[in-house]
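Please keep the sequence and the structure in view while reading.

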Amino acid sequence: MNLSRSTSVSGKGPFGRIDWITVILYALLVFIGWINIYSTSLTDTSLSIFDFSTLYGKQLFFIGLAFLGIIFVLFVESSFFERFASIFYVVSIVLLLGLFVFGKKIAGATSWYDLGFFNFQPSELAKVTTALALAKFLSDIQTDIRNGRHQLYALTIILLPAILILPQPDPGSSLIYFSLFFVLFREGFPLYYLGILLVTVILFATTLMYGTVWVVIGLVILALLVYTFKRASLKIPVLPVIGAIVVSTLFSLSVNFVFEHVFEQRHRDRFALWLSLEKDEKKLEEIRKTIGYNTYQSEKAIESGGFFGKGFLEGTRTKGDFVPEQHSDYIFSSVGEEWGFLGTATVIILFSVFFLRLIFIAERQKSDFSRMYGYGVISLLVFHYFINIGMVIGLLPTIGVPLPFFSYGGSGLIFFSMLLFIFLKLDSNRLKDGI
Amino acid sequence: MKKLLLSSIIVIIGFTFIGRLSYLQLFRFSPDQILDDPAIKKIYDYPERGYIYDRDGKLMVGNQPAYDVMVIPRDVKPLDTLEFCQLLGIEKSEFISKMEKARIYSPRLPSVLVPQLSKEDYAKLQEKMRHFVGFYIQKRSLRYYNTHSAANVLGYISEVNEGDLLNNPYYVAGELKGRTGIEMQYEEILRGRKGVKHIQKDRFNRDIGPYKDGKLDTLPKQGKEIHITLDKELQEYGELLMHGKRGGIVAIEPKTGEILAMISGPTYDPNLLVGRERSKNYSKLHYDTIAKPTWDRSILAQPSPGSPFKTLNALIALQEGAIDPNTKFTCYHGFYVGNTLRGCHCGGGVRNLNSGIYLSCNAYFAGVFRKIYDKYGSTDEGMDAWDKHVKSFGLGDYLGTDLPTGAPGRIPDKEYYDKWYGDGRWAASTIISNSIGQGEVAATPLQLANMTAAIANRGYFYTPHVIKSVGNSGDIDPNFTTPHYTTIDRKYFEPVIQGMADVYNYGTARWLKIPGVDIAGKTGTVENYIRVNGERMQLTDHSVFVAFAPVENPQIALAVYIENGYFGARYAGHIASLLIEKYIKGEITRKDLETRMLERTLEHEYAKPYSGEPFKINEREW
């Protein structure tokens with residue numbers, strides 16, 4: 001039924017089979033984001049919303065540009081993206097390299113090209129092209145994900161831009177590229193890599209919190225418990241378990257070394273705050289007011305919103321500019337203060353539904369390239385969303401990445417929109433290209 | 001599995017986020033956190049403090065503007081430092097250190113650079129102020145005293161301390177509050193209610209407009225003016241007379257209980273506790289532990305009342321029927337306390353009530369006192385009766401005036417003596433010093449004045465008070481308009497008052513008569529001892545005087561107590577006479593008397609015990 005109707009509208013131009021549910025969710029997120037940018041950047045001298053000297057005016061302009069970008073994407077033949085994916089990728093790598101020579105420094109990071117009217121951030125573009133290039137490589141008929149060399153190629157595609165972005169320095173954006181591993185997992189990359197990653201993170205955190213001795217004791221007790229309560233039929237070889245414990249112990253020891261000797265104090269402070277390592281109340285307060293200032297202020301702002309929030313344009317901490325970078329990375333704290341729990345929960349639900357819808361769309365693709373690209377899009381967006389909101393509500397350490405569609409910023413909004421709409425364009429053509 | 005991986009991660013993240021948000025926004029949220037919201041600042045609008053007028057509507061306390069030079073360090077542009085310092089009247093080094101202090105406090109917020117400029121400096125500075133960018137002048141309101149007197153009654157205001165902040169949530173650090181006297185007692189009336197503005201602040205603490213468009217703001221409520229019962233002229237004149245003397249004077253209008261004057265010597269000019277020199281002056285006053293200028297002797301000093309107390313014993317004896325006005329005692333120049341002879345200056349001979357009072361015969365009153373006790377089967381019963389009568393005159397306990405300090409005086413009762421001597425081991429003769437107002441009785445000048453007012457009223461008094469009216473309404477505490485009756489019947493007052501009138505006619509104060517005004521009074525000469533370096537020494541007697549006038553229809557009743565003034569008729573008598581004339585006639589006819597009081601001081605007496613040399617007391621010559 002659904003299929004037949006889709007077929008019947010296949011001839012209806014560029015908008016014909018666009019997934020309108022996703023489009024509406026996208027529009028809602030952009031709208032809510034802009035409302036909050038308006039609130040954070042409103043001054044006493046009430047200027048028109050189209051005044052480009054204000055942040056909300058500029059953002060409105062960027063929304064317009066993003067709309068043009070979307071129109072462009074929708075009118076282009078969908079095979080265009082697959083065909084030229086490699087070239088796009090190479091171009092964006094060149095642009096990233098070019099930053100070392102022509103880059104413009106803003107707030108300590110050389111991440112921009114100055115285009116006169118607009119500062120262009122190639123790392124945002126590279127997210128799109130890397131997703132495309134990865135999908136193109138993986139969907140190639142000759143690529144076998146279980147082949148070690150092909151795995152290496154795939155890793156290179158993902159990590160090359162990440163490595164180029166890291167020294168800008170922009171560790172946040174660099175970290176984002178790791179999200180593309182989810183594409184690999186979806187396509188059969190062994191899942192235990194993910195398990196190892198997870199165990200590493202847990203070992204790292206627990207070592208810092210409780211020390212190597214307790215971690216090793218914990219691991220031994222865990223192993224003994226498993227052996228005591230396992231079903232008799234289940235055979236677990238002893239030697240690899242002991243090996244794993246030894247490796248973990250060594251890792252745990254190295255964590256201490258790295259933390260004390262490789263990390264700088266500011267890094268240590270971030271972890272100290274995040275994992276509540278610092279027990280001295282005075283020092284903790286000091287860290288809160290310096291390195292943790294942003295998080296502290298944003299938590300306070302969100303907290304002060306309560307269930308109903310203070311109301312649109314009534315957020316005292318938002319108006320007082322207490323949360324630094326509130327219009328960009330910390331935009332979600334404005335939602336928390338002015339719209340309360342109702343607002344924050346609504347946004348979380350909107351994002352979740354949006355992502356689940358995208359997964360649903362990705363899974364219905366017949367073309368491997370479309371599905372893989374779709375997974376790339378979803379992974380990138382979810383990772384941004386997870387790191388950003390996690391940081392704003394104080395669950396994760398401070399890592400500067402924008403909240404997709406919400407945060408102020410032209411490059412971000414335009415390329416997130418194009419990222420999404422390339423996928424929607426591919427989706428609208430899924431029946432044509434299906435094999 | 002691999003298809004569900006990302007979906008489940010998204011769902012888990014969603015739940016984690018919503019969980020964390022419920023913790024923050026539902027669990028940790030508290031509705032009254034607006035109070036500690038750094039983004040909202042309360043700015044207070046202080047109403048002008050109420051003025052204080054005297055009983056005739058003459059201004060006593062008003063307000064004056066003071067000008068603070070403020071600085072916002074960040075806004076300061078290069079300036080001619082030398083000229084500016086000259087205008088401000090400060091040294092360049094001081095200017096530099098103050099600027100540095102202000103910068104450390106906050107570069108963006110105003111700090112006081114020079115507090116409380118005088119009007120003259122302000123006028124000079126104002127014209128040139130525009131040359132000095134980053135500085136401005138802020139007006140403040142200070143108290144202004146239209147008198148150099150009555151510091152003890154008016155009191156002063158000072159910044160609230162931690163205790164005030166703890167006890168009264170109204171106050172905010174840095175605010176002013178009445179600290180003593182009327183300023184303290186009528187604090188809430190005088191101060192009014194400050195208005196509050198809620199200002200939205202940014203993270204640099206700069207104003208960025210009203211919070212919620214001023215919906216929570218309140219307007220200041222003006223402080224009310226009050227009229228007090230003091231007679232400004234009488235008060236000022238009394239303080240003039242007290243020059244160089246220590247002691248207390250209280251004058252009361254008997255028919256209302258209104259305090260006309262309340263003088264403590266030495267005192268200080270209330271203007272000393274205003275302005276730039278305030279703390280310096282305050283320390284100076286506060287640490288003068290010998291003269292104690294801040295200690296209000298009119299309500300805190302509790303000397304023995306001396307002979308004026310005899311009138312009370314006479315009244316009690318009459319009421320108890322122990323004597324009648326014609327009961328006679330013969331004076332052999334003294335009386336016995338136990339086995340000790342105490343002298344009498346009356347000249348000796350047969351005394352009745354009238355001459356006993358006007359000659360202040362000690363022996364007569366010792367006899368009277370014994371008679372009161374003789375009427376009863378036991379000393380205890382006699383003591384109870386005597387006690388009840390004395391206390392009905394407002395002695396022996398706080399009077400309940402509307403001044404924040406006070407002292408109870410002392411009227412001993414049987415428990416007091418039981419403790420002192422042991423039950424049954426004392427009798428009327430043991431405590432007979434009380435008959436002449438020595439011994440264990442003690443009273444403040446205020447209590448003595450009130451006692452005199454009760455005698456003037458022939459049997460009742462109103463609680464003495466200083467409040468006359470608040471704002472436009474004449475209503476004051478009903479406690480102050482209810483008469484308190486003594487236990488003595490009206491008819492017994494006349495013979496005693498006649499005796500007091502004869503004090504002026506034939507008695508101890510016959511030199512102090514005022515032409516055309518009938519006065520009734522009683523002198524007192526009070527022996528006193530102090531300890532200096534642990535050594536007990538007797539000093540020149542205190543001079544005490546109580547009086548009221550005119551005898552019929554009394555307008556003023558007063559008590560004067562002058563430390564080491566010797567005979568009651570000397571300093572206290574003179575001052576009482578002058579004050580009565582001043583109050584009733586409005587002018588002084590006996591210039592010789594006035595000149596004597598204005599010129600003479602008792603500094604030489606006060607210096608004696610601290611001189612380290614042997615000294616004579618009660619010198620005849622003066």
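Chain B contains 21 helices and 22 strands, where helices (H or I, at least four residues) and strands (E, at least two) are DSSP runs numbered from the N terminus. The model is predicted: local features need pLDDT of at least 70 and side-chain atom pairs count only at pLDDT 80 or more, while totals for chains, interfaces and linings use all residues. Residues are numbered from 1 along each chain as its sequence is written, and chains are lettered from A and ligands numbered from 1 in the order in which they are written.

Chain B has 622 residues, of which 42% count as buried; a residue is buried if 20 or more other C-beta atoms, placed from the backbone, lie within 10 Å of its own. Two residues are in contact if their C-beta atoms, placed from the backbone, lie within 7 Å. Of the contacts in chain B with a separation of 6 or more, 72% are between residues 24 or more positions apart.

Chain A has 20 helices and 3 strands. Among its 435 residues, 42% count as buried.

The two chains meet in a contact that takes 31 residues from chain B and 35 residues from chain A. On the side of chain B, α1 (2-27), β8 (195-201) and β9 (207-210) each supply at least two residues, and α1(B) gives the most, with 17 residues. This side of chain B has 16 nonpolar, 7 polar and 8 charged residues. Here Ala, Val, Leu, Ile, Met, Phe, Trp, Tyr, Cys and Pro count as nonpolar, Asp, Glu, Lys and Arg as charged, and the others, Gly among them, as polar.

β8(B) and β9(B) also belong to an open, antiparallel sheet of 3 strands in the order β1-β8-β9; strands pair if DSSP finds at least two bridges between them. Its edge strands are β1 (40-45) and β9 of chain B, each pairing on one side only. β8(B) and β9(B) pair over 2 bridges, and K201(B) stands opposite D207(B) in β9(B).

In chain A, the axes of helix α5 (residues 85-102) and helix α7 (residues 148-165) come within 9 Å and cross at roughly 15°. α5(A) and α7(A) are therefore roughly parallel to each other, a description that applies to angles under 35 degrees. The contact is made by S92(A), I93(A), L96(A) and L97(A) of α5(A) and by L160(A), P161(A), L164(A) and I165(A) of α7(A). By class, this contact has 7 nonpolar, 1 polar and no charged residues.

Key
Buried ≥ 20, exposed ≤ 12 C-beta atoms within 10 Å, placed from the backbone. Axes fitted to C-alpha atoms, helices over the stretch in contact; angles between N-to-C directions. Parallel < 35°, antiparallel > 145°, perpendicular 65-115°, else oblique.
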